[in-house]
Amino acid sequence: MKTLVLVGHGMVGHRLLERLVESDTADQWRIVVFAEEPRPAYDRVRLSSYFDGVTLDELRLGDDEFFTRHGITLRLGERVEAIDRSAQTVTSSAGETVAYDVLVLATGSYPFVPPLPHRDATGCFVYRTVEDILAIEEYAAGCRTGVVVGGGLLGLEAANALRILGLATQVVEFAPRLMPLQVDEGGGAILRRHIEQLGLTVHTSVRAEEVMVDEAGRVCGLRLADRDEPLTTDLVVFAAGVRPRDELARSAGLEVGPRGGIVVDDACRTSDPNIFAIGECALIGGRVYGLVGPGYSMADVVAAQLTGQTRQAFTGADTSTKLKLMGVDVASFGDALSQAEDALEVAYTDSVAGVYRKILVDTEGKLLGGILVGDASSYASLRAQLGTKPAQSPDQLVLPPSEGGTPAATGADLPDAATVCSCVNVSAGAIRAAVREQGCVDPAGVKRCTKAGSGCGSCVPLIKTLVDAELEAQGITPSKALCEHFEYSRAELFEIIQITGIRSFVELVSRYGQGEGCEVCKPTVASIFASLGSGHILDGEQAGLQDTNDYALANLQKDGSYSVVPRIPGGEITPDKLIVIGQVAKEFGLYTKITGGQRIDMFGARLEQLPLIWKRLVDAGFESGHAYGKAVRTVKSCVGNTWCRYGVQDSVGLAIALELRYRGLRAPHKLKFAVSGCARECAEARSKDVGVIATEKGWNLYVAGNGGFSPRHADLLASDLDTETLVRTIDRFLMYYIRTGDRLERTARWLERLDGGLDHVRDVIIHDSLGVAAELDAMMAAHVAGYQDEWRAVLEDPERLRRFVSFINAPGTPDPSIQFVPERDQIRPATEAERRSLPLMVVS
Amino acid sequence: MTSSVDSYVTICSYDDLIPGRGVAALVDGRQIALFRLYDGSVYAVSNLDPFSGAYVLARGLVGTHQGTPTVASPMYKQRFDLRTGRCLDTDEVSITVYPVRVHDGQIEISVEAARNVA
Ligand code: SRM
Ligand SMILES: Cc1cc2nc3c(=O)[nH]c(=O)nc-3n(C[C@H](O)[C@H](O)[C@H](O)COP(=O)(O)OP(=O)(O)OC[C@H]3O[C@@H](n4cnc5c(N)ncnc54)[C@H](O)[C@@H]3O)c2cc1C
Ligand code: SF4
Ligand code: FES
C-alpha cells in the first residue's frame, strides 16, 4: 500500500478525502492528514453564519467516523514544517517525520494584513478561521465600535458580524466602491446605499495608515491617509484580501509564481511530479482562485488520478459569486467587469427600490456576464445561460416586468449542457438524469446523487425548478399533493383524519378529495387508519385499501408466491420454536433463510397455503412479524451482559420488550430498531430508525439511522436514560414521526427534511415545545392496548379466511404458474424457460 | 362453472367481490383477473403481468387516473387501463380484456370474445 500525505485539512483537502474514499475501491492508499487548525475541516464559506446562530457542529464537514471508517489518520493541530523531497518525507511541528509516495498540498490562504504600524495590537483581528471568529466574538463583548479594513466580500461579511455583535461599525475600502472585484460603479452605489441604510458607515477611496493604540497597547483608533480626523474604534478587523500559503512549497524549492501561489499544471502537479497542490494555494493556468468551487474541481482532478481513473484536467473555473449580505442580494457572474471591445452593456437602475441589473452580451447576443444587486432572483438561470443566446432580449432580461421585462427564463428550458451548479460543476442534463434514472424527487435527493447544491447553495432554487419540470414531464405532480385524488400531503391527511374522526376512505375522498382513489392514496390512508388504531386491517372497507402484501399478510415474491416471516422478538428463539419452523417448512416444502433482521423467512407459499402454514405457527406460539407492512419490523439485539463479558446492560431483554411494545405499529414507512449491550455496538443500532446503546448509567438513544439506499448514521437524541424515560422518549419519537412523515419517507429523510432537524425533534418530544407530548403518549398507549395478532384474527374469522384462495371459482386448485426447481437441497422459483420445458414439480 | 349458450361462463356471485379489490379466476386454463370498483362496475382482464411474467394482476390495487379505471401491478407498479388493457406507463404494452357482465347477481365472463388492443 502506498502512502498519501495531505497537508491542510480545509475545505478542498476534505473534498479530496471524500473523493478518494468514494472511488478508492482497491484501498490503494494509506492516508495521513496534517491539519494546522485544532479542529477538523468545516464549511469556511458559511463561517459568518455562526453569527446567525448556526452552530460549529453544523458547520463541520464530515463526521468523526469518516476517519475511523476509512482508516485515515488525522493529525489535528499539527503543522507540516518541512518537506524533504529527495527522501520523500515531511516533518511536522510535533517533530514527526512521515514518508510519502504522493504529497498533496492544500494549505489554502492566509489573510493579507497591510503593513500598518501596530497592526498586531490587542484588538486587531483577521477573518479566516473558527478561532478568528471566536476571538472576535469574545473581544467584542467589551467593545462599542469596530472598523473593518476592506470592503470586499469578506470585509462586508466581517462588518455584518460586528453589527450583529452590537458594535457601531465602519468599513474602510481603498477602491472607489464596495466589492470592487464583483460589481461595477452602478452596482457599487446601490449596494452602498443598502449597507448605509442598515446603519453602517462606509468610507471608499481611502487608505488605512496606522492603527492607533492606548497606553495599554489596545486598539483605540485608525488613522486614514489624507484625512485629519482618525476613526475612533475599539477593534479592527483586517479583511483586505488573501494570499496563497506557499511558504512550505517555497522552502522545499518548488516553483512558485511571482506574486505567490504554487505553480501547477492542469493536472495539479507541481514542479515535483510526486507533489500536487490544490485549492487556494495553487497557481493554475496563471491564476489563483479564491473560491471554493475551483478548489473542488482541482480536488476531483487529483482524486481521479490517484485512483487510476482516466486523466482529467482542470479546465478553468467559474468565478461567479452570489451572496446575501445583511438582507441584500449581490451577485456577479461570468465576465462581469469585461473590458472587451465587443461587449455590449445593458443596465437598469432603480435607486428608490435599490435594484441594479446589468448584463453583458457580445455582438451575436451571447451572454458574457452580469451584475445583480438588490434582487438576484434571476442569478442561477442567467449564470446557467452564460455563453448562450438567451430566449429574451437583453433589455427584457434587465427591465422589471412592469416595464416590459420578462424575468430570466424559469430555468426549466435550460439546455442539458448548461452548468447549473458551478461549485460542483453539475449540468442541467445531469440533474434531469438524476430525476429520471435515480428516482430523485427533490433538491435533497439530487444533492445526494450528484452533490449539486452542496457548495454555496445558490443553485438550489434552480435545481428545484428543474426537478419539478422533469417530474412534470414524467407525469408526476411535484406538489405536496399525495396524488390526483388528494391535494393534501400525508401529514395533512393525518391531521384531517385525526380531527374529523373519519374512518372510511369513501367518506374521506368524497369530503376532502375527488375521484375513486388509486394505488398511492388508498394504502396511505389505510396506513393512517391503522396508525390511529382502527381494528383489523382486513376489516370492512379497509380490506380494499391495503397494499398487496398487507392484503395477503405476506410478502409477494417474483413468481407470485409468498414468504412467511413469524416474529422472533429480539432474535431470541427457543430450540422448540426453531424445530417448529423447521417442521412447518419441511411439511409445506418451503425454502428457508435467516434474514438480515435476525429472524427466519420461509419462501414459496401459495396464497391458499398461507392460512394452513399460519395455523401451525400460531398454534406453536408464533405471531405475525409484519414483514409485509410499512410497520415496525425487527428489534435487533446483541447478546448483552447476560453472556457477553463486555456487556453493561441486558440488551436482549430490552430488545424483546421494545419489539413487543411496538409490534404492529404502522407508519409512513417501515421502522427498524436495534439494541446493543455496550459501545462495541454489535447490533448495529446506529444504522436503525431507533437505536439504543447501553451505557454504565442506562441507555443512549439514537434516532433516524438508515441502511438501504442512502445509509445514514443515527443521531444521539438523549443519553443515559433509565428504561422508563427511554421508552417514553421512543413512544413520542415514533408518534411524532407517524403524524408528520411523508408517504414512504423513512425517519432518516424525515429528520433531514424537518425544519430545525434533531433540535426541533428534541424540543417537541423532550421539552414539549408544541404541547403535544401528552397526546403522543396517549396515541401510543392506545396502540399498545389495541394490539392484536393479525394472523390469529384471520384464522378465527371464516369471512377473512375465504380470501386466501388462488382462484375464486376453483378454490381447491393451486396456481399452476407457480413452479419450483431444486437448488442446494431446497426449492427456488423456476425460470420462465424452465417453466416451459419442465414437468410440474409438485411439493406436497 | 356453467356454460351458457352465448359463450359466457359464470364465475362467482357479485357479492363475493370486495369493492376496490380483485380476485383471480381460472377459465379454460386461462387466468383471469376480475375487479369490482367502488362505483359498482366490474372489469375482467388477463391475470398475467407482462412485465414480471407472474400471474398476479388480480392482487393489484385498483383506482382511477384522470377518470380511467386502472389496476396497478403489485410487482413493479405499472398501471393498466381496465377498459382497454392499455398500459399507462409503457405505450407498447397491453393486456387482454375480457367481456364481463352481471346476470342474476352472478358474474359472467366470455373468454372467446376477448380482445387485445395491442
Ligand atoms: C428478507 C430480507 C433479506 C434477507 O434475506 O435477509 C429482506 C427482504 C426484502 N427487503 Fe429488505 N430485507 C431484509 C433486511 C433488510 C435490511 C437489514 C436490516 O433490517 O437490518 C435493510 C437495510 C436496513 C434499513 O432498512 O435501513 C433492508 C433494506 C430494504 C430496503 C431499502 C430501505 C431504504 O430505506 O432505502 C427495501 C426497499 C423499501 O423498503 O422500499 C427493502 C425491501 C425488501 C423487500 C420487501 C423487497 C420486496 O418488495 O420484495 C424484500 C422482501 C422479501 C420478503 O419477501 O420477505 N429492504 N432490508 C431481510 C428481512 C429482515 C426481516 O427479518 O424482516
Ligand atoms: C468568511 C469567508 C467567506 C467566504 N465565502 C466564500 C463564498 O461565498 N464562496 C466561495 O467560493 N468561497 C468563499 N470563501 C473562500 C473559501 O473559504 C476558500 O476558497 C476555501 O476554503 C479554500 O479551501 P482550501 O482548502 O484551499 O483552503 P482552506 O479552507 O483555508 O484550508 C487550508 C487549511 O490548511 C491548513 N494549513 C495551511 N498550511 C498548513 C501546514 N503547513 N500544515 C498543516 N496544515 C496547514 C490551514 O490551517 C487550513 O486549515 C470564503 C472565505 C471566508 C474566510
Ligand atoms: S437486498 Fe434487494 S434483493 Fe436482497 S433481499 Fe433486499 S431487496 Fe431483495
Ligand atoms: S452553485 Fe454553489 S452549490 Fe451549486
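## Ligand 1

Thr595(A) puts a polar side-chain atom 2.7 Å from an oxygen atom of ligand 1. That is a polar contact (a pair of N or O atoms within 3.5 Å; within protein, one must be able to donate a hydrogen and the other to accept it, and residues adjacent in sequence count only if both atoms are side-chain atoms). Asp601(A) also takes part, with a polar side-chain atom 2.8 Å from an oxygen atom of ligand 1. For Asn706(A), an N or O atom in the side chain lies 2.8 Å from an oxygen atom of ligand 1.

The model is predicted: local features need pLDDT of at least 70, side-chain atom pairs count only at pLDDT 80 or more, and totals for chains, interfaces and linings use all residues. Residues are numbered from 1 along each chain as its sequence is written, chains are lettered from A and ligands numbered from 1 in the order in which they are written, and side-chain values use heavy atoms, with hydrogens and water left out.

Ligand 1 is surrounded by 19 residues, the closest being Gln557(A), Thr595(A), Gly596(A), Lys688(A) and Gly707(A). A residue is near a molecule if one of its heavy atoms lies within 4 Å of it. The shell has one nonpolar, 11 polar and seven charged residues. Here Ala, Val, Leu, Ile, Met, Phe, Trp, Tyr, Cys and Pro count as nonpolar, Asp, Glu, Lys and Arg as charged, and the others, Gly among them, as polar.

## Ligand 2

Around ligand 2 there are 30 residues; Glu36(A), Glu37(A), Arg128(A), Glu280(A) and Val292(A) come nearest. By class, they are 14 nonpolar, seven polar and nine charged. Helix H1 (11–23), strand E2 (29–35) and helix H5 (153–164) of chain A each supply at least two residues of this shell. Helices (H or I, at least four residues) and strands (E, at least two) are DSSP runs, numbered from the N terminus.

Glu280(A) has a polar side-chain atom 2.7 Å from an oxygen atom of ligand 2. Backbone atoms contribute too. A backbone N or O atom of Val80(A) is 2.9 Å from a nitrogen atom of ligand 2. A polar backbone atom of Met11(A) is 3.3 Å from an oxygen atom of the ligand. Alone, ligand 2 exposes 990 Å², and the protein buries 95% of that. Accessible areas come from the Shrake-Rupley method with a 1.4 Å probe.

## Interface of chains A and B

In chain A, 35 residues are in contact (heavy atoms within 4.5 Å) with 35 residues of chain B. The chains bury about 2,900 Å² between them, 53% of it on carbon and sulfur atoms. Buried area is the accessible area (1.4 Å probe) that two parts lose on being put together, summed over both. Glu516(A), Glu519(A) and Ile808(A) lose the most area in chain A, together 24% of what that side buries.

One salt bridge (a side-chain nitrogen of Lys or Arg within 4 Å of a carboxyl oxygen of Asp or Glu) is counted between the chains. Arg802(A) forms it with Asp16(B), the closest N and O atoms being 3.9 Å apart.
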